[in-house]
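Have the structure open and follow along.

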Amino acid sequence: MSEAQERTDHGPAAREVDQPTPVDGALERAIAVQVRRYRQAIGLTVGDMATRAGISKAMLSKIENAQTSCSLTTLARLAAALDVPVTALFRGADTQREAVFTPSGAGARIIQRGSRVGHDYTLLGALRGPHKRMEAHLVTLTEQSEVFPLFQHPGTELLFMLEGEMVYGHCDAAYRMRPGDALQMDGEGVHGPQELVELPIRFLSVVAYGDIES
C-alpha cells in the first residue's frame, strides 16, 4: 500500500470511508465500499438498511466488510433499497486508481523558455490515462527578465500563489497575484507572467487536459 493510501487524516469527513477487510476479490471490495457509502449518505443504520433490503443484519455486515460474495438477487435488493442502479455498486472494481507521490525536492526539473533567466519549473507528477491527463508543476521565479515566456495549451490550468507577488496575464486580462491567490483559466488563451513585483516568486501550476482523443 502506498503512503498516499495509508493517510486517513485529511479531506472532508464526508468523503472518508472505512477500509474493508482484505479479501482476494476486487469486486467484493468495490461492492463493500459502495454499499457502505450509499447507506451512510442516506443516513441508514446497518439494521435499517438490512430491513429495507430484506436481508439479515449479519449478511449486510459481511457485505460491507467484503467478507462474502453477493448473489445477483441480493445485489438487486441492495440497489433497490439504496435507490441506485445495480451498476453503481460495482464502481471502482474494473479500474486501477492511480496516485503519484513526489517527495519534497524529488521532482524533475523541466528545461524550457525562461529557465536560463531564473525561471525554474519542477514537475511534481502527472496522471495519464484514456480519459484524463493532469500535470502539476512548482514554478520558481528568482530573477527579473525582459522577455517573459508565454504559454498556450489545451485544457484548464490552475495557478496557486505560494510566495512573492506578480502580475499574470491571460488573453487581454491581467491579475495581480499574492500568496493565497488562485487563478483558473482556459489554457487555450495565451498566458504568462507580465511583471515580477516581489521576488522570489513561487506558485503551483496544475494543468488538467481532460479527455484525450484517440
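Start with Tyr168, which is buried at a relative accessible area of 2% (buried means under 20%, with a 1.4 Å probe and protein chains only). Keep in mind that this is a predicted model, where local features need pLDDT of at least 70 and side-chain atom pairs count only at pLDDT 80 or more, while totals for chains, interfaces and linings use all residues. Residues are numbered from 1 along each chain as its sequence is written, and side-chain values use heavy atoms, leaving out hydrogens and water.

Tyr168 stands opposite Tyr175 in strand 5. Strand 4 (residues 156–170) and strand 5 (residues 173–177) run antiparallel, joined by 5 bridges; strands here are DSSP runs of E, at least two residues long, numbered from the N terminus, and they pair if DSSP finds at least two bridges. The two form a hairpin with 2 residues between them, and Cys171 in the turn has a positive phi of about 55°.

Now for the rings. The structure holds 2 aromatic pairs, meaning ring centres within 6.5 Å; planes over 60 degrees apart count as edge-to-face.

| Pair | Centre to centre | Angle between planes | Type |
|---|---|---|---|
| Tyr121 and Phe151 | 6.1 Å | 70° | edge-to-face |
| Tyr168 and Phe203 | 6.3 Å | 75° | edge-to-face |

Tyr168 lies in strand 4 and Phe203 in strand 7 (residues 191–208), so their pair ties together parts that are 35 residues apart in sequence. Phe203 is buried too, with a relative accessible area of 5%. Tyr121 also counts as buried, at 6% relative accessibility.

Notes:
Helices (H or I, at least four residues) and strands (E, at least two) are DSSP runs, numbered from the N terminus. Rings of Phe, Tyr and Trp (its six-membered ring) pair if their centres lie within 6.5 Å; planes under 30 degrees apart count as stacked, over 60 as edge-to-face and the rest as tilted. Buried means under 20% relative accessible area, exposed over 50%, partly exposed in between (1.4 Å probe, protein chains only).
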